[in-house]
Amino acid sequence: MKHAVSNEDKVLNLLGLAQRAGKLSSGDFIVEKAMKKKTPKLVLLAGDCAANNEKKYIQLAELHHIPLRKVGSKETLGTAIGKEVRVVVAVEDDGFAKALLKEIDQ
């Protein structure tokens, strides 16, 4: 019998695909700059990020009308995209953003 994959696993797998497709940017400075240019279709924030960081990204997301969701931890976000710990990841592609939102918001 197959076990159902948890949503977080699906989300992290999608993030890995988006990274390999070159549709993600990650890291504090890069994502903040992208958000000010309104390029991300979705921003994902680690569930364990610092409160001041969280506040900054929520404000940016609201200001620029970019969907923002909290997902996993800094470790799992980083691992999903084959990097060191990541606090924030921006999805630059509509298709990946829609697929991720569908899994996250279920």
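The paragraphs below lead through this predicted model from its overall plan to a few single residues. Because the model is predicted, local features are reported at pLDDT of at least 70 and side-chain atom pairs at pLDDT 80 or more, while totals for chains, interfaces and linings use all residues. Residues are numbered from 1 along each chain as its sequence is written, and side-chain values use heavy atoms, with hydrogens and water left out.

The protein has five helices and four strands, where helices (H or I, at least four residues) and strands (E, at least two) are DSSP runs numbered from the N terminus. Read from the N terminus on, these elements follow the order α-β-α-β-α-β-α-β-α. The radius of gyration, taken over C-alpha atoms and compared with a globule rule of 2.2 Å times the number of residues to the power 0.38, is 13 Å for the protein, close to the 13 Å that the rule gives for 106 residues, so the protein is as compact as a globular protein of that length. Along the principal axes, the C-alpha atoms fill a box of roughly 45 × 25 × 25 Å.

Of the 106 residues in the protein, 42% are buried, where buried means under 20% relative accessible area, exposed over 50%, and partly exposed in between, with a 1.4 Å probe and protein chains only.

In soluble globular proteins, nonpolar side chains tend to be buried together. A nonpolar core is here a set of buried Ala, Val, Leu, Ile, Met, Phe, Trp, Tyr and Cys residues joined through side-chain atoms within 4.5 Å. The largest such core has 19 residues, and those with the most contacts inside it are Leu15, Leu24, Leu42, Leu44, Val89, Val91 and Leu100. At least two residues of this core come from each of α1 (7–20), β2 (42–46), α4 (74–80), β4 (88–91) and α5 (94–104), and the largest share, five residues, is supplied by α1. Another core lies apart from this one and has twelve residues, among them Val43, Leu68, Val88 and Ala90. To return to Leu24, its partners, not counting residues up to four places away in sequence, are Leu15, Ala18, Gln19, Ile81, Val89, Ala90, Val91 and Glu92.

Helix α5 also holds Glu103, which counts as buried because its relative accessibility is 9%. Leaving aside neighbours within four places in sequence, Glu103 is in contact with Asn7, Lys10, Val11 and Leu14.

Ala21 is found in the loop between α1 and β1 (24–26) and counts as partly exposed because its relative accessibility is 42%. Although Ala21 and Lys36 are 15 residues apart in sequence, their C-alpha atoms are 23 Å apart in space. Lys38, in the loop between α2 (28–36) and β2, has a positive phi of about 65° although it is not a glycine, and with a relative accessible area of 52% Lys38 is exposed. His65, in the loop between α3 (51–64) and β3 (68–71), is another residue other than glycine with a positive phi, near 55°, and His65 is exposed, with a relative accessible area of 72%.

Note on methods: Contact = heavy atoms within 4.5 Å.
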